[in-house]
Amino acid sequence: MEYRRLGRSGLRVSTITMGTMTFGGKGAFANVGATDVAQARRQVDLALEAGVNLFDTADIYSDGASEEITGEVLQGRRDDVLIATKARMTTGEGPNDGGASRHHLVRSVERSLRRLRTDHVDLYQIHEWDGQTPLEETLEALDTLVRSGKVRYVGASNYSGWQLMKALAVADARGYQRYVSQQIHYTLQARDAEDELVPLTLDQELGVLVWSPLAGGLLSGKYRRGTSAPEGSRHLTDWNEPPVHDEDKLYDVVDVLVEVGGAHGVSAAQVALAWLLGRPGVTSLVVGARTEEQLSDNLAAADLVLDDAERARLDAVSAVPLRYPHWHQAATAKDRLSAADLSLLGPHL
């Protein structure tokens, strides 16, 4: 297992993070998985044996059950691992049971700590943008939590480029703790993050944790053109993350994944994960699994090396046209592009 520095921090995290959204199986999250304590313990054992040192959860997953199970199965080995959790989503019926206000975040941390059976969270992430709470309030609350020792590092998730840059600017101006990472969706099926979020990551030295790196199973190889998806597959339920805008293009990508995987004797899923681990700015992939077999397969992706020709095939089949202003910059600004700019524009010059 490789360990990469998380943004500007001194923290090193495994290139595979274990996601625990499948733990619990309550409410809508039953569509993702329903891993009980015994199954979770076996999966965590597998992850630790593979060298995983970061476990990611959120207060909203299965109404807190994911955090409870995570805390239970990590008991006795808490000091050897890093725990990341998230807050912002609505967790109750009250007017202040959601958002990134000081009130909600402080209360959410206290509840998460109890469920996780720990006195601190290693990475506390704002799960989603809150356009109604002043960033000064959110960032001051996070700063206070770090200084109190309840949180070690802070990060964002699901921000747009301008929202994340504004948050970093406010933190710098006020001397608050700065986001060290962002958790984003980024796959061969959805390369939107390359427009703004990846260049921003490189320019501002953030870490990138990728959620649902197999696009909710779409890139696992079990969804093929002209065939029915396996019974119980996530995309046959009400769970629609991520959306599929071009089904034919998706199948084109999967075809190449299967071919490349066949050449290595590995699954299409491993190829999709290995491609991501070789992309600029990516720190770690948050993988979750319904079964031990799926988890073992995903963990093996950390050791898969794709050659330049294989990467070029995957880049080409998943490529999307440059959007404005990027196509204009590729044509007229090529004499003064930074490394961050080139992460997107380089292949088009």
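A residue counts as exposed when its relative accessible area is over 50%. Asp 63, at 62% relative accessibility, is therefore exposed. Keep that cut-off in mind, along with its counterpart: buried means under 20%. What you're looking at is a predicted model.

**Nonpolar cores**

- The largest nonpolar core has 81 residues, and the members that touch the most others are Tyr 179, Tyr 186, Leu 219, Leu 257 and Leu 285.
- Helix 8, residues 268-277, gives the most to this core, with 9 residues.
- Another core lies apart from it and has 10 residues, including Val 13, Leu 123, Val 180 and Leu 209.
- Leu 257 is a handy place to start exploring: leaving aside neighbours within four places in sequence, it's in contact with Leu 188, Leu 219, Ala 268, Val 271, Ala 272 and Leu 314.

- Helix 8 is mostly covered, with 10 of its 10 residues buried.
- Among those buried residues of helix 8 are Gln 270, Trp 275 and Leu 277.
- Helix 2, residues 65-74, is mostly covered as well, with 8 of its 10 residues buried.
- Just after helix 2, Gly 76 takes a positive phi of about 90°.

**The second largest pocket**

- This pocket has a volume of about 670 Å³.
- Its lining is made up of 27 residues, and those nearest the centre are His 185, Ala 190, Arg 191, Asp 192 and Ala 193.
- By type, the lining residues of the second largest pocket split into 13 nonpolar, 7 polar and 7 charged.
- Strand 8 (181-185) and helix 7 (247-264) each supply at least two residues of that lining.
- Helix 7 provides the largest share of the lining, at 3 residues.

**Lys 86, a buried lysine**

- Look for Lys 86 in strand 5, which covers residues 82-87.
- Lys 86 counts as buried because its relative accessibility is 1%, below the 20% cut-off.
- Its side chain makes a polar contact of 2.6 Å with the side chain of Asp 56.
- The Lys 86 side chain also reaches the backbone oxygen of Thr 57, at 2.9 Å.
- Not counting residues up to four places away in sequence, Lys 86 touches Asp 56, Thr 57, Ala 58, Asp 59, Tyr 61, Gln 125, His 127 and Gln 183.

**Arg 147, out in the open**

- Arg 147 sits in helix 4, residues 135-148.
- With a relative accessible area of 59%, Arg 147 is exposed.
- Its side chain makes a polar contact with the side chain of Asp 143, at 2.6 Å.
- Setting aside residues up to four places away in sequence, Arg 147 touches Gly 175 and Gln 177.
- How far apart are Arg 147 and Gln 177 in sequence and in space? They're 30 residues apart along the chain and 9.1 Å apart, C-alpha to C-alpha.

- Most residues other than glycine have a negative phi, and most peptide bonds are trans.
- Asp 63 has a positive phi of about 55° although it isn't a glycine.
- That Asp 63 lies in the loop between strand 4 and helix 2.
- Ala 215 is another residue other than glycine with a positive phi, near 55°.
- You'll find Ala 215 in the loop between strand 9 (207-211) and helix 7.
- Exposed or buried, then, for Ala 215? Ala 215 is buried, with a relative accessible area of 0%.
- The peptide bond from Tyr 324 to Pro 325 is cis, with omega near 5°.
- Pro 325 belongs to the loop between helix 10 (308-318) and helix 11 (326-332).
- Thr 22 is in the loop between strand 3 (16-19) and helix 1.
- Thr 22 is buried too, with a relative accessible area of 4%.
- Apart from neighbours within four places in sequence, Thr 22 is in contact with Val 32, Gly 33, Ala 34, Thr 35 and Ala 289.

Notes:
Residues numbered from 1 in each chain as written. Predicted model: local features only at pLDDT ≥ 70, side-chain atom pairs only at ≥ 80, totals over all residues. Heavy atoms only, no water. Helix = DSSP H or I, 4+ residues; strand = E, 2+ residues; numbered from the N terminus. Buried < 20%, exposed > 50% of the residue type's maximum accessible area, 1.4 Å probe, protein only. Contact = heavy atoms within 4.5 Å. Polar contact = N/O pair within 3.5 Å; in protein donor to acceptor, adjacent residues only side chain to side chain. 1 Å grid on protein atoms, 1.4 Å probe; cavity = no way out; pocket = protein on both sides within 12 Å on 5 of 7 lines; lining within 4 Å. Points joined across faces, edges and corners; volume = space filled by probe spheres on them. Nonpolar A, V, L, I, M, F, W, Y, C, P; charged D, E, K, R; others polar. Core = buried A, V, L, I, M, F, W, Y, C linked by side-chain atoms within 4.5 Å.
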